[in-house]
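Subject: Predicted three-chain model for your review

Dear colleague,

Please find the structure below, with its sequence. My notes on what was found in it follow.

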Amino acid sequence: MNLATINIAAILPTLVLSVVGIVVMVAEPFVGEQKKSNLGWLAFAGTLAAMLSLVPMANNRGQWYSNLWIVDDYDVFLDFIFLLIAAITILTSMDFLRREELNHPEFYSLLLFATAGMLMMAASNELVMVFLGLEILSIATYVMAGFRRADLKSNESALKYFLLGSFSSAFFLYGIALIFGATGSTNLLAIADALRSSKIQISLVSLSAALILIALCFKVAVAPFHVWTPDVYEGAPTPVTGFMSVGPKAAGFAVLFRVFLTAFPSIEDRWGSAIWMVAALTMILGNVIAVVQPNIKRMLAYSSIAHAGYVAVAFAATSDRGVSAALFYLLAYSLMNLGAFAMVTIISRKEDKLVNVTDYAGLGSKRPGLAAVLSLFMLSLAGVPGTAGFAGKFFIFRAALESRLVWLAIIGVVTTVISFYYYLSVIVQMYMREPHDEFSDVRLCGSLKFALVISAAGTLYLGLLPTRVLDWTTTAALR
Amino acid sequence: MLETWVPVLIFFILVAGFGTVSLVLSYAFGPKKPDARKLSPYECGMRPIGSARERFSVKFYLVAMLFLLFDIEAVFLFPWAVVYRDLKLFGFFEMLLFIVVILAGYIYAWKKGALEWER
Amino acid sequence: MVTTFHYLLLGAALFTIGVIGVLTRRNIMIILMSIELMMNAVNINLIAFSNRLQQVTGQVFAIFVITVAAAEAAVGLGIVIAMFKNKETMNINEIDLMKW
């Protein structure tokens with residue numbers, strides 16, 4: 001290794017996030033109690049700076065640092081999603097942390113570190129890097145889930161997330177160790193080359209692919225590895241739940257696509273059917289169980305499982321069209337789900353007390369603006385035409401049909417119809433039930449408004465004018 | 001292959017034999033005058049108070065955890081030291097950067113008062 | 001003669017013990033230890049493969065695994081302590097505020 005392989009521009013967004021994260025962390029004890037929220041804005045500025053530095057990064061395509069860091073369109077698009085998620089989450093949590101008297105700016109550091117981990121995952125061309133990125137993301141998220149230290153529910157959520165997360169990390173590691181033994185490399189391209197030659201022990205490779213698949217399925221919460229999801233999502237502080245339901249999920253899928261479509265395409269006959277079953281099971285379980293959830297956070301948890309199922313359908317298509325549809329869907333899903341969780345943050349009031357669907361009764365007459373925005377997110381999550389959710393689902397089912405996955409597409413459409421029931425029940429509560437709450441203590445400060453505007457505008461834009469973003473995802477899918 | 005380990009085996013037998021023999025001999029021939037003081041758990045003149053099975057203070061945990069983290073980070077110095085000459089000045093500054101990042105964590109822990117025993 | 005295969009067997013055995021420990025034990029500390037055992041079983045595999053293939057990647061990876069496992073253990077213990085302050089139990093079955 002010599003100086004010539006160094007390329008700062010290729011890692012600039014990750015670098016910016018890490019440095020700002022460290023600065024926020026070290027500055028925290030030196031800053032007075034009144035000025036702590038300024039650190040939140042500093043973190044927000046950090047994500048914006050990282051987003052700007054995507055431009056020099058995109059001009060440095062190729063493989064860097066001994067081929068373990070790859071910059072391509074796929075990477076740039078995913079980084080954009082991750083940074084958007086981080087920015088919206090910071091905006092949502094600023095008011096939340098003040099309200100809950102949890103104003104510790106370490107939260108923003110952790111969020112930035114987690115985002116840096118996600119960027120590493122998307123850019124890694126090497127399983128060691130994937131592991132490191134995954135762990136940076138996971139460890140920061142464990143702490144964020146337990147951020148409300150004095151609350152037993154938050155503790156429990158963090159503990160469950162931690163135990164299952166590190167359990168699945170161990171499986172992931174074992175899979176990497178085996179693939180290293182079988183092919184003599186942890187570089188994705190080198191693995192792909194080795195697998196094309198015939199001298200490989202195919203049973204060892206299949207076992208390692210299975211272990212890696214299981215571990216990543218845990219991370220993205222698809223059935224049958226989803227059981228931790230509702231508990232963890234319910235107990236975590238609401239903005240963190242919003243982050244967890246989109247961030248680690250998108251990063252996990254980024255790795256799934258990268259690893260399986262780059263390294264393991266030659267043994268697709270061995271994992272293709274597994275993805276098929278995972279996708280079908282996830283869509284059915286997620287949507288059916290969501291119907292009976294009275295708690296809106298649990299309902300959205302099952303809904304997030306269901307949405308992971310739709311992305312898994314795009315994965316099962318194993319085509320460039322499928323990857324493109326999945327990328328589009330991840331962006332659309334991130335925007336609408338973060339918006340929905342921002343609304344849940346607002347309505348739940350202090351200590352996340354009011355989180356039942358029935359607590360939304362009469363919101364339409366008392367606070368029509370908020371109700372309209374929440375309706376938009378619910379309709380988009382359900383997939384009503386004109387919203388981002390519809391466009392995303394449409395592209396995914398089209399990709400599935402092109403890959404002759406007719407049954408998956410049918411299951412997808414049927415479960416989407418089921419999902420209308422629980423999304424619309426929120427809207428029914430808001431507009432057709434008598435209010436038993438004045439919603440007079442619902443405060444809406446600047447940063448939260450900003451977060452809602454970004455998510456709502458994005459949801460509408462992707463729904464009404466999807467072509468430009470779709471062109472982008474199409475080039476991104478070619479990697 | 002296995003023959004090379006025979007001296008080690010002989011050594012093990014010798015060690016075990018010596019230990020056993022000296023224990024048995026001192027038990028058989030040594031004088032025994034037990035009294036209550038001598039039979040107490042720690043023969044240091046102090047009367048033991050309370051049970052030894054007490055909970056440790058959480059403070060120990062915090063210090064131990066900080067030690068563990070900073071200690072483990074040092075593991076990266078070993079492979080770095082192995083290839084230090086090949087890396088030349090670049091390696092030096094790279095490691096300096098790494099240490100600075102750890103230092104940032106240290107400053108944070110310090111300023112937060114995690115290193116203070118009495119709070 | 002100890003071959004790579006024996007090391008792999010040891011790694012697989014330790015990993016399995018770890019998995020069984022996580023699934024059957026109810027004490028949080030023992031579950032944490034089982035997870036550490038799984039990670040270290042992987043390290044044995046990595047070193048064995050690294051030795052057999054005469055490649056240093058495996059050893060470097062093992063160092064990364066050790067550090068990451070330490071960081072994870074520290075965070076895990078922190079979470080357990082935070083919980084213990086609110087509810088004095090180490091039994092995973094008693095941590096059941098949320099159930100479906």
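I begin with the overall form of chain C. The radius of gyration of chain C is 17 Å, whereas a compact globule of 100 residues would have one near 13 Å. This radius is taken over C-alpha atoms, and the globule rule is 2.2 Å times the number of residues to the power 0.38. Along the principal axes, the C-alpha atoms of chain C fill a box of roughly 50 × 25 × 25 Å.

Please note that this is a predicted model, in which local features need pLDDT of at least 70 and side-chain atom pairs count only at pLDDT 80 or more, while totals for chains, interfaces and linings use all residues. Residues are numbered from 1 along each chain as its sequence is written, and chains are lettered from A and ligands numbered from 1 in the order in which they are written.

Chain C contains three helices and zero strands, in the order α-α-α from the N terminus on. Helices (H or I, at least four residues) and strands (E, at least two) are DSSP runs, numbered from the N terminus.

Chain A has 20 helices and two strands. Its radius of gyration is 21 Å, close to the 23 Å that the globule rule gives for 479 residues, so chain A is as compact as a globular protein of that length. The C-alpha atoms of chain A fill a box of roughly 70 × 55 × 40 Å along the principal axes.

As to confidence, the predictor gives the complex an ipTM of 0.95 and a pTM of 0.90. The pLDDT, which is the predictor's confidence in each residue from 0 to 100, averages 90 in chain C, where 98% of the residues score at least 70. In chain B the mean is 84, and 90% of the residues reach 70 or more. Within chain B, helix H1 (residues 6-29) has the highest confidence, at a mean of 92, and helix H2 (residues 36-39) the lowest, at 72.

Next, the contact between chains C and A. It takes 32 residues from chain C and 31 residues from chain A, where contact requires C-beta atoms, placed from the backbone, to lie within 7 Å. On the chain C side, helices H1 (4-24), H2 (28-53) and H3 (57-86) each give two or more residues, and H3(C) gives the most, with 15 residues. That side divides into 24 nonpolar, six polar and two charged residues. Here Ala, Val, Leu, Ile, Met, Phe, Trp, Tyr, Cys and Pro count as nonpolar, Asp, Glu, Lys and Arg as charged, and the others, Gly among them, as polar.

Between chains A and B, six residues of chain A are in contact with seven residues of chain B. The chain A side has six nonpolar, no polar and no charged residues. Helix H1 (residues 12-27) of chain A packs against helix H5 (residues 84-111) of chain B at about 25 degrees, with the axes 8 Å apart. Axes are lines fitted to C-alpha atoms, for helices over the stretch in contact, and angles run from 0 to 180 degrees between N-to-C directions. H1(A) and H5(B) are therefore roughly parallel (under 35 degrees; over 145 is roughly antiparallel, 65 to 115 roughly perpendicular and the rest oblique). In this pair, Ile22(A), Met25(A) and Val26(A) meet Val101(B), Ala104(B), Ile107(B) and Tyr108(B).

Yours sincerely

Methods
Two residues are in contact if their C-beta atoms, placed from the backbone, lie within 7 Å.
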